[in-house]
Amino acid sequence: MNDLSPHAFQPAPAPVDSAGEAIGYVAEIAGSRSEVVFDLAALNALTDNVDPVLATAGQVGGQMKVRVGQSWLLASIRSLGLAPGQMDRVAATVDFLGEGDEERLTGKLYNFRRGVTRYPMPGAEVFAVTGADLKQVYAASDKPNIEVGLVYPTKDVRGSLFVDAMLGRHFALLGSTGTGKSTSAALILHRICQLAPQGHIVMIDPHGEYSAAFRTNGALYDVSNLNMPYWLMNLEEHCEVLLTSTGSDRQIDADILAKCLLAARAKNRVAQDIPKLTVDAPIPYMLSDLSQLIQQEMGKMDRAGDTAPYLRLKNKIDEIKADPRFGFMFSGMLVADTMANFIGRVFRLPGDGKPISIIDVSGVPSEITSVVVAMLSRMVFDFAIWSRNEPQRPVLLVCEEAHRYIPRDDAGSSVARILGRIAKEGRKYGVSLGLITQRPSDLAEGVLSQCGTIISMRLNNDRDQAFVRAAMPEGARGFLDSIPALRNRECIICGEGVAIPIRVAFDALDDDKRPASDDPVFSTLWKQSGDEENIIARTIQRWRAQGR
């Protein structure tokens, strides 16, 4: 065995064919972050090893191990540099991740767990981690888990996500456009559906991509069949849809709307059994009743001020009733008390073997898209709060293009407020949040830090990388430099959902399970021609009818 003291360092003999030879020593210990010195000759001797994990020993983002008593400590390499004045040694900053027991006869690592109970002393020998070690580290043990791909750089070690830990503390999937983000999201959701066929997953799909991926195991909704009753909106959401004024006029309009809306709700038989009715209670009412009550208030003799606020409200209600684009929500057919049916359908209660609802909001008028998302999100949260005394039915809410709804520069909208609240408080009530975004730096501050598991694909923007760096735990910092260099369908996973931070190449998905998110192939499509007149005619027909 080599003498690896800092003052008498002997290079490891070459070639080194096993992980039994030390490759360096511990130079300094300081909490989670420590300094290690590697022997360059020992690392070079491992580069041709048949075990790809040994062959990449000593690289940034890789792992090394140190023996402490009867345990192996595992550490991740954060940064590398030549040791001062010594061309044959490499100084490395490492983060200790966890520890496993050492098998007495073979010296193998087993029973790995996160966290460190006892640190090594300076001068302790450092060894390369093997593929067999990583199998033990990433073994999913007996926790419910889903396998999503292969751990880099191995060819046979499966990367798994612990489902309860991932969903219990929220998760975020990040990646620039074109990195395979949508396909990876579909893969994770498919695996969750396989594990939990009676699950309850609601996905907000702003581009209509995911319906193609979940035809067989999902319930698909868009403007043609969503049938979302307008009266499920609370006062704040009513204001966002019906108020057109700004400044002090907006508060006047809101007060009038609140008074008339409460009176309209009180007319329903359901309201008769409620002693203290509030304006936010989801009680059915008729738009014609609301319009009539506004008209009555406007005609009262003791009314203060002019008639402009009343006319603004009345005109907006008439406009929405007449606009066919709003028919999926503001139709006269949606007056009946269908709340139980709507919740059962959308939240998959029961799921009937289709545990995921894909809510395609691409056909929703842009003026009310955020209100529709706010309603769906708030209903998930409110249902969880009001069903606390019932058998628990946790719901996963997945939000694609999350930076649209929880923007950094506007926390005042109803959708930003409710999603922010779910991020902070959802886990107490059994509501899990999954955020998918290509611009993490545009997310409201603090939302990403509420996500216990971060799955980061390639991020090209420096600002996005810095934002993710701030949200990632200390032990994952060594991986961050590799984020801009990740290939398509590769990611870094860190946080509660994995034993230690890992780099994973996602599995390929069958064509019938992939979202419709492929980029157009210009070189092929621009060689095709014919039937242009009919293409234009059909497109104009759908465009004018606002149909899809």
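Analyst: Among contacts in the chain (heavy atoms within 4.5 Å) between residues at least 6 apart in sequence, 69% join residues at least 24 apart. This is a predicted model, where local features need pLDDT of at least 70 and side-chain atom pairs count only at pLDDT 80 or more, while totals for chains, interfaces and linings use all residues. Numbering starts from 1 along each chain as its sequence is written, and side-chain values use heavy atoms, with hydrogens and water left out.

The chain has 19 helices and 20 strands, taken as DSSP runs numbered from the N terminus (helices are H or I, at least four residues; strands are E, at least two).

Now for your pair. Helix H13 (residues 369-386) packs with helix H15 (residues 414-429) at an angle of about 25 degrees, and their axes are 9 Å apart. Those axes are lines fitted to C-alpha atoms over the stretch in contact, with angles running from 0 to 180 degrees between N-to-C directions. H13 and H15 are therefore roughly parallel to each other; angles under 35 degrees count as that. On the H13 side, the contact is made by residues including Val373, Ala374, Phe381 and Ile385, and H15 brings in, among them, Ile418, Leu419, Ile422 and Tyr429. Sorted by type, the residues of this contact of H13 with H15 come out as 10 nonpolar, four polar and three charged. Here Ala, Val, Leu, Ile, Met, Phe, Trp, Tyr, Cys and Pro count as nonpolar, Asp, Glu, Lys and Arg as charged, and the others, Gly among them, as polar.

Key: Parallel < 35°, antiparallel > 145°, perpendicular 65-115°, else oblique.
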